[in-house]
Amino acid sequence: MKESPIRHLFGYVSVHLIHAGGALDDGKHGSLVLFPLVRKNEVASLVATCFPEYRLDDSFRSLCTRARWRYMLRSLYTVMLIPVIAIVFFQRFETLLLLLPAVYVGYRSYKRAGVTIKSEQLALGSGWLTIKTVYMLKHRIQSLTVSQTRMQQRLGLCTVRATVMPGIRTKVVDVDEHEAQAIYEWFFGNKE
């Protein structure tokens, strides 16, 4: 499910289906647009009609507050060079105002990121401009990895990556370590 800023403003999303391919599309795999423009509150019932095994809802567990600062700092790193150069070479201190939108973008990214496990389904959501939410059934996930950088390890955070097909993967950065462990155990526990 993808939600661009304009669609978000009017309460609409687009729903894409990730598929492995077949005779109908010359054996190609990838993403098909299932519903190009649909009201967000109607998506769950429409998808349930076509694919009853999926449960789409908005009950994401947001990321812990320790992750908030990392999201905001990460967005600052991308713009920090512009004010520094402008101040050092041109004494243009007003360029520091560029940092405010960067902090806001980081905060919005933090608020939009989340994970959810519902019985046999994992959902990962993230994005700052376009919100992307991927719902995956456990038996359709090809690989799931939980990793940590040194900084994440100090803060008790992890990155969760899931691959549904080669080349089609999604991730959520800075998930609480205990929640990432629960996802890992959910996926690898009782594997048949």
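Helices (H or I, at least four residues) and strands (E, at least two) are DSSP runs, numbered from the N terminus. The model is predicted: local features need pLDDT of at least 70, side-chain atom pairs count only at pLDDT 80 or more, and totals for chains, interfaces and linings use all residues. Residues are numbered from 1 along each chain as its sequence is written, and side-chain values use heavy atoms, without hydrogens and water.

**View 1. Leu81 in helix H4.** Leu81 lies in helix H4 (residues 81-90). Its relative accessibility is 57%, so Leu81 counts as exposed (over 50%; buried is under 20%, partly exposed in between; 1.4 Å probe, protein chains only).

**View 2. The largest pocket.** A pocket is an open set of points on a 1 Å grid over the protein atoms alone, where a 1.4 Å probe fits, with protein on both sides within 12 Å along at least five of seven lines; lining residues have an atom within 4 Å of a point. The volume, the space filled by probe spheres set on the points, is about 770 Å³. Of the 29 lining residues, His16, Leu17, Ile18, Tyr54 and Tyr135 lie nearest the centre. Strand S7 (131-137) is among the elements supplying at least two lining residues; S7 gives the most, with 6.

**View 3. The second largest pocket.** Here the volume is about 420 Å³. The lining has 18 residues, with Tyr71, Arg74, Ser109, Gly127 and Trp128 closest to the centre. Helix H3 (65-79), helix H5 (99-112) and S10 each give two or more residues. S10 gives the most, with 5 residues.
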